[in-house]
Amino acid sequence: MDEKDTLILKELRKNSRIPVSDLAVMLEVSESDVTKRIASLCQAGILRRCTAVIDYSALGVDDVSVILSLKVTPEKGLGYDGIAEKLARFPQVESIRLLTGSYDFQVTITGQSMAEISRFVAEQIASIDGVRETMTQIVMRTYKEQGVEMARPGNRDRQLITF
Amino acid sequence: MRNFVSKVAAEIPPSGIRKFFDLVLTMDNDQVISLGVGEPDFDTPWNVSKAAITSIEKGLTMYTSNRGLPDLCSALSKDLEKRYHTPYSPNEIIVTTGVSEGFDVAVRAVVDPGDEVIVVDPCFVSYKSEVIMAGGKPVSLPCDAKDQFKVTPDALMEKITQNSKTLIINFPNNPTGGVMGRDDLKAIADIIIDHDLLLISDEVYSELTYEGSHVSAASIDGLWERTITLNGFSKAYAMTGWRLGYLCAPKEICDAALKIHQYVMMSAPTASQFAAIEALKNAEDSKNEMVAEYRIRRNLFVKGLNDVGLPCHIPKGAFYAFPSIEGTGLSDEEFAERLLKEQQVAVVPGSAFGESGVGHIRTCYAVDRAKLTEAVRRIGVFVESLS
């Protein structure tokens, strides 16, 4: 890892579709050098996936997202890792974070309806050994996601010509 | 009824190129990609905006002292010393309503009718008109693409007469993006001193310097005592609409400028001054991020321009590229008009910035990368259609 790798990661985080040729000009290196760097970042498990930020509400999709807070009893020998791994296997689970404070895990889940999510939480999550308590909060609106301000228009009024 | 318009106002040339700007006004904003602006596309850092909002909430909405908030003048004094090694005490600084006002005040503080004022060319559109309004005689000092648009000692010597009193420079330069380094400034410093000239140095793009750090003219030996330094918050902190700049000069000149400032402006906008204090204290990271982004865009954009056949030197500062369009066979005004009509890309004809700008266009890369890429593509299509 050097400064150029850091910059590649920063740029990909902003725009994962940035052309390699652009990165090459920005970094003042050859395109093949950029391709090699990206490949080794992937290989090292640093660059995990290049993805997109989508405003589903703008798309008119009525998916429901919830934030699920869990209190758990750590397992002997495994601590929190065993429960986290069990949670992680479910495709409905988008993120899992271990936190300080009164709840141990914060889990985000997306489903097609509240009924579907309720069923999933009750049947699949609450029944995991070691899960003592759940609190489910419905996401009402997403204002900012991965640094993108959803509620704010990208274009602002600007003069066409100023000196 | 008599004609009430003063002779000075009647005779002052309108800024830029009337016909082209009339055309711009007829265009649909949504269709046009504009590379024609002279301002950052970023928002003012939020903590800076919030400082102004808080000052308004607290009711701090009166005039400030003419010179500006004492806290701001002290902060500027420290900042200038640290950043550029230019020692200005707080009473050698005036906070102005943008560099535009600072420039006006500076010119009126030092120019007498009949004085010859040597003005770097190409330059920001207001310089020569300001000199004329003060009764001075502007003398263009041409800067050439082959010298990366720097002022050369030879070109300067050629323009000096016994009536020369003041030299106006602006580096990093609008519209060329040219920069004068320490050696370049030293090379003209002796001439300035030998001919007992005053230097007005507009350094509003100082923080937008991409190779090495900015060298302030007043930091060159022998220049501080004969320099008025102008700078502001618009470009570095994305604060164009806040209208806030500052003028720095040795006390005697600064006191003269302060008299004019207090009559014409009273004081700079108060909320903006509170924002400026926050900008100096806590916006270094935001500024560095913006500058890093401009640098990336510059590299992409200038390569793109050269690739589509518009030769352009790598500008070392500001956020403008100033390619030559002479190879297309069009005048810069025709080029800009047709590019706007045929490919919906707005640029500014170089001749708007003076005789040395003829045959060039000013393109601003303070535009997001996707738009820049599309603009280069459209310019390429246009240039191709001419051959």
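This is a predicted model: local features need pLDDT of at least 70, side-chain atom pairs count only at pLDDT 80 or more; totals for chains, interfaces and linings use all residues.
Two packed helices are described by the angle between their axes and the distance between the axes. In chain A, helix 1 spans residues 3–14 and helix 3 spans residues 31–43; their axes come within 11 Å and cross at roughly 80°. Angles of 65 to 115 degrees count as roughly perpendicular, so helix 1 of chain A and helix 3 of chain A fall into that class. On the helix 1 side, the touching residues are Lys4(A), Asp5(A), Ile8(A) and Leu9(A), while helix 3 of chain A brings in Val34(A), Arg37(A), Ile38(A) and Leu41(A). Sorted by class, this contact has five nonpolar and three charged residues, with no polar ones.

Next comes the sheet of chain A. It is an open sheet of four strands, laid out in the order 2-3-1-4, and the pairing is antiparallel. Strand 2 (93–98) and strand 4 (131–138) of chain A sit at the edges; each has a single partner strand, so one side of each has no neighbour in the sheet. From one strand to the next, the twist averages 20°. Strand 4 of chain A pairs with strand 1 (residues 64–72) of chain A in the antiparallel sense, over seven bridges. Within these strands, Leu70(A) stands opposite Thr134(A) of strand 4. The sheet also carries a helix: helix 5 (residues 81–88) of chain A packs on it and touches strand 1, strand 2 and strand 3 (105–111) of chain A. The direction of helix 5 makes about 165° with that of strand 2 of chain A.

Then there is the meeting of the two chains. Chain A puts nine residues into the contact and chain B puts in 20 residues. On the side of chain A that touches chain B, five residues are nonpolar, two are polar and two are charged.

Chain B has a helix pair of its own to look at. Helix 12 (residues 332–343) and helix 13 (residues 369–386) of chain B pack at about 110°, with axes 10 Å apart. That angle makes helix 12 of chain B roughly perpendicular to helix 13 of chain B, and the crossing is right-handed. Helix 12 of chain B makes the contact through Leu339(B), Glu342(B) and Gln343(B), and helix 13 of chain B through Arg378(B), Ile379(B), Val381(B) and Phe382(B). By class, that comes to four nonpolar, one polar and two charged residues.

Notes. Residues are numbered from 1 along each chain as its sequence is written. Chains are lettered from A and ligands numbered from 1 in the order in which they are written. Axes are lines fitted to C-alpha atoms, for helices over the stretch in contact, and angles run from 0 to 180 degrees between N-to-C directions. Helices (H or I, at least four residues) and strands (E, at least two) are DSSP runs, numbered from the N terminus. Angles under 35 degrees count as roughly parallel, over 145 as roughly antiparallel, 65 to 115 as roughly perpendicular and the rest as oblique. Two residues are in contact if their C-beta atoms, placed from the backbone, lie within 7 Å. Ala, Val, Leu, Ile, Met, Phe, Trp, Tyr, Cys and Pro count as nonpolar, Asp, Glu, Lys and Arg as charged, and the others, Gly among them, as polar. Two strands pair if DSSP finds at least two bridges between them. A crossing is left-handed if the near helix is turned anticlockwise from the far one by less than a right angle, and right-handed if clockwise.
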